[in-house]
Amino acid sequence: MCQLFGISARQPVVLNEYLREFYSHSGRHPHGWGLALMNGEEVHLEKEPVQADQSRYLKERLSVPVKSRTAFAHIRYATIGNVEYRNCHPFMGKDCTGRPWVLIHNGTIFDYPPMHCLVSAQRGDTDSERILLYVLKEMSREALSNGAPDAGRRFRLLDEMVSDMAKGNKLNLLLYDGEYLYMHTNYEGSLQIRQTKDGVAFSTEPLGKGTWNPAPMTTLLGYRDGVVQFVGTNHGHAYEENEEDLKYLYEVFASL
């Protein structure tokens, strides 16, 4: 599995301590690293298809302060998709209104028919990129039908998509839409959350000192400035590993 890190804060936070520890886990997740720094609709992406703790660029990058109010980081363990730049997270795109969307994902979409048509549209070959393309498609469809959706409509649509997509799939994700950070997990023990005076942080594994708690399961949450603004439906579709899915992953990984 990949690892995720994210933060939503009221003011810009220096992230270097978090990031150094997070990227130090890359020996177990050696297939690429990524970083997204987000300020409103301005998004700065950096990523490489190399092991994070072996990256000269990342070492230099972390030698100076890295600050942001909203940020994502990712280290990849490839299960679906080759070890290439185009398959590294975060993924970014814009819907038909020009709104940017940024996604990092940990898990596997074993089967979700509404996304099958998007294989030919993606640049890489990961299921994670297809999740983002599906979000862009549905948000654009809503905008063309009913006008650009406000925050409440965006959240309701995301809640419906995530609740449906989670059935039988491993769906840990962090998503950003230029205003709100959305968090979802349906795999027990695989995403932690820490509330601080500055805001909220998310990580696959606890980082540094302080109290981390398991993130709420099977419920989409929307944050702004480190504070929960939206709480979705508790859809109850927790993912549990099974022999058939493990066999599928083994076969896909063997083909990389």
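The structure holds one cavity of 30 Å³ or more, a cavity being a set of points, on a 1 Å grid over the protein atoms alone, where a 1.4 Å probe fits but cannot get out. This is a predicted model, in which local features need pLDDT of at least 70, side-chain atom pairs count only at pLDDT 80 or more, and totals for chains, interfaces and linings use all residues. Residues are numbered from 1 along each chain as its sequence is written, and side-chain values use heavy atoms, with hydrogens and water left out.

**Cavity**

- The volume of the largest cavity is about 50 Å³, taken as the space filled by probe spheres set on the grid points, which are joined across faces, edges and corners.
- Its lining, meaning residues with an atom within 4 Å of a point, consists of Leu-103, Ile-131, Val-135, Leu-158, Met-161, Val-162, Met-165, Leu-173 and Leu-175.
- Two or more lining residues come from each of helix 3 (127–146), helix 4 (151–165) and strand 7 (170–176); helices (H or I, at least four residues) and strands (E, at least two) are DSSP runs numbered from the N terminus.
- Helix 4 supplies the largest share of the lining, four residues.

**Nonpolar cores**

- The largest nonpolar core has 27 residues, and those with the most contacts inside it are Trp-101, Leu-158 and Leu-175.
- Such a core is a set of buried Ala, Val, Leu, Ile, Met, Phe, Trp, Tyr and Cys residues joined through side-chain atoms within 4.5 Å.
- Strand 6 (100–108), helix 3, helix 4 and strand 7 each give two or more residues to this core, and helix 4 gives the most, with seven.
- Apart from this core lies another, of 22 residues, among them Leu-35, Val-66, Ile-75 and Leu-207.

- Seven strands form an open sheet in the order 3-2-4-1-10-9-11, with antiparallel pairing; two strands pair if DSSP finds at least two bridges between them.
- Strand 3 (42–48) and strand 11 (213–214) stand at the edges with a single partner strand each, so one side of each has no neighbour in the sheet.
- Strand 1 (residues 3–14) and strand 4 (residues 67–75) run antiparallel and are joined by eight bridges.
- The bridge partner of Leu-4 in strand 4 is His-74.

**Cysteines**

- The whole structure has zero disulfides, a disulfide being a pair of cysteine sulfur atoms within 2.5 Å.
- The sulfur of Cys-88 is 9.7 Å from the closest cysteine sulfur, in Cys-2, too far for a bond.
- Cys-88 is buried at 0% relative accessibility, where buried means under 20% relative accessible area, exposed over 50%, and partly exposed in between (1.4 Å probe, protein chains only).
- Cys-96 is partly exposed, at 43%.

Terms used:
On a 1 Å grid over the protein atoms alone, a cavity is a set of points where a 1.4 Å probe fits but cannot get out, and a pocket is an open set with protein on both sides within 12 Å along at least five of seven lines; lining residues have an atom within 4 Å of a point.
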